[in-house]
Amino acid sequence: MKKIILLLACLFLCGCYDYKELNQIAIIGGIGIDYNEEYIVSLEIINDKKTSEGDSDTIKTAVITGRGKGFVDAFNDAIIKVDRDPYFYQMQVLLLSEEAATKGISEIFDYLLRESKINNSFYTLVTKDIKPQDILEVNSITEPVASTKIIKLLQDSSSDIKFKKDDEFDLLVSTYVKDGIDIALASLEMDDKEIAINHIAGFKGDRLQGFLRQSDSITYSLLTNKSDGIQLHSGGNVVSIYGNKLKKEFKDGKVILTFTADATIALVDEQVNFRDEEIYNKLSEEFSQVMEKDIKELIKNTRSIESDILGLGRVIYLDNPNVYEDDIGLNVEVEVKAEINVNKNGITFEVIR
Amino acid sequence: MITRRQYIITYYYLIRALFFGTATSLLVSVTGNACYLSAIIGIGLGLIFSLILYYINKVKKEKKIVDFLDKGWCSLLGKIILFLIGVVLLNDVLVSISTMAYAFYLVSTPVIYITIALALVIFYAIKKGVKGFIRAIEILFPLSIAIFLIKSTTFFGMVHLENFKPWLNSDTFSIFNGAMIYFANTITPGILMLNFSNSDYEYKDNVKGLLLGSGTILIILVLIIGIYGMPMAKMLRYPEYMILKKVNILNFIENIENFLTIVLIIDNIVVGVLATFLVRDVVKDFIKSDTFIKWWDGLFLAIMCVICVKVFNNHYPNIMLLYKYEYILMLGLVLSLLGLILWHIKRLDK
């Protein structure tokens, strides 16, 4: 009996039925989705190959494209062109073209979330003025794999527009399905032959509404606490923001946004002495006003594209779901308060002039 | 018999097991943001159940529950119910683990292979005997707690308070229904504790096991809702597995969800093994042939594998029936069994 059990265990418990060698799989780093009367799906395939004898391993990528009436048709068309088993567990980015995002993302989100072969820890971005397949084909000087380059831009670079773990695909969908808030995605564009993230794309429901201006995108990043060290300018004065918090509440029929943050002095355009505590109060007041103005500008511009990416409607929904109705966030009165506490001066007390 | 520590640990495992793959997602989808309230009511009912369990164990002393139900038609009925509970629990374990493994890990492997692998693990554990098995799960207990602590601590940073709002916005029936789901899924495996009795055990041992097991489930519920929010949590089939993908320890230990899932599978295997023991006890009581009993476990597990694959895994609507209504069946079986046992005790007193 023991021998039979041992034999059966060897057969069934080794878990080798699904086993595939590395050279049998095609590692997908990113998916690009474009729309031009039909869906165009591009798969970025990462291969680890030796280019010639004696060379060190070089990572090569290839982009395979499929077309179809629906997203799933195009996706399957791309998959059947891959000569190995597509492996989506290492997928890092999903790129949507402006056209695909404007057409609607619900079908795409639904399919990708349900598909168990796809890991949900990737980031979703919109491409601006360039097709996703072209972005996936970019070989940067510092990073040969486009999807890895994008991830580094989103997470590690000193870019003002960053995305955190909170923006991974499943958590993005969790925001998408909530009442009273629209999703915002970072947008990719080509800037001097390099991939850059300069704007935020605002959605209404499942459709792209437009791109925010760069200054609004930075304000949005500040409000949603996606990035530390964003610099705020006022004339010639510059401070770096950290420890930012946004409190949202619904009171007396209006949404009150209270933004608080600490700041470090980066640059001052006059001869001042930082031993004088008054300078901190003066700068705090000045930057609080700048921030307040920036937030108001952001709200005005998000409303102009009819996108409630700040979740003003959700504030009302959470306070009283019975009062909530669609688009209430786009019309509700908003009061903005900003308090920037400039409390660090770096390692010098005086300004060199 | 097993030690008090082992008794508490076994109860802890049993309380948690059925929440994986079934009860958690059902509870979240039925009760919405009021799932904590349902869970707390369920825990309260579980404490009453534990008291009854303690009372029955005190009365029957060292006897196994099958040996205790020795005379009369209610004993016969009780044994049949015990058999059914064993079958339902083992089936639940096989279906939930095989479905989950098929969905996430072994997408090309035929489900029968996954089920046979599970059956082999259960068969091996049975061959080692109850004491050996309980000792093994006692050794694995610190691992279970450690993994729970890892999950909880890494996830708390990802919890958003606004995801809990609007507070308790479910109707009374949903909250009651949720409490029943919680109660049924904790007490049904809890019935397996009737096979472990010792005069040393006290009511507080039951309470410790129940609160430890239920507490971890409650915290997992809080984390699921806090991370995903209610609309998304309701959509997911395995929310407790999906959040494991988010584990990130000190920014460098990631993608360890497969390792962490082992604990959930161990919980289920504990139920599977103890349910198979229970079924064997009942069958042994009816059929006194030693040769038959020798082959029974293998035969029973083989039949259960076929049922799991043919009736459930190949027919998703059947899995959905199990998902939606199994708790009612379990609740009916357990409450009938408790009624019969208490009636039997009353008869013995007379």
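## Overall architecture of chain A

Two residues are taken to be in contact if their C-beta atoms, placed from the backbone, lie within 7 Å. In this predicted model, 69% of the contacts in chain A between residues at least 6 apart in sequence join residues at least 24 apart.

Chain A contains eleven helices and 13 strands. Its C-alpha trace spans about 80 × 60 × 55 Å along the principal axes, and 38% of its 353 residues are buried.

## Interface between chains A and B

The contact between the two chains involves 20 residues of chain A and 22 residues of chain B. On the chain A side, α1 (2-12) and α7 (169-176) each supply at least two residues. The largest share of that side comes from α1(A), with four residues. By class, the chain A residues that touch chain B comprise ten nonpolar, five polar and five charged.

## Helix packing in chain B

Within chain B, the axes of helix α7 (residues 129-156) and helix α12 (residues 257-286) come within 9 Å and cross at roughly 150 degrees. Because angles over 145 degrees count as roughly antiparallel, α7(B) is assigned that orientation relative to α12(B). The crossing of these two helices is left-handed.

From α7(B), the residues that meet α12(B) are Val130(B), Phe133(B), Ile137(B), Leu140(B), Leu143(B), Ser144(B), Ile147(B) and Lys151(B). Their counterparts in α12(B) are Leu260(B), Val263(B), Ile266(B), Val270(B), Val273(B) and Phe277(B). The contact of α7(B) with α12(B) has twelve nonpolar residues, one polar and one charged.

Note on methods:
Residues are numbered from 1 along each chain as its sequence is written. Chains are lettered from A and ligands numbered from 1 in the order in which they are written. This is a predicted model: local features need pLDDT of at least 70, side-chain atom pairs count only at pLDDT 80 or more; totals for chains, interfaces and linings use all residues. Ala, Val, Leu, Ile, Met, Phe, Trp, Tyr, Cys and Pro count as nonpolar, Asp, Glu, Lys and Arg as charged, and the others, Gly among them, as polar. Axes are lines fitted to C-alpha atoms, for helices over the stretch in contact, and angles run from 0 to 180 degrees between N-to-C directions. Angles under 35 degrees count as roughly parallel, over 145 as roughly antiparallel, 65 to 115 as roughly perpendicular and the rest as oblique. A crossing is left-handed if the near helix is turned anticlockwise from the far one by less than a right angle, and right-handed if clockwise. A residue is buried if 20 or more other C-beta atoms lie within 10 Å of its own, exposed if 12 or fewer, and partly exposed in between; C-beta atoms are placed from the backbone.
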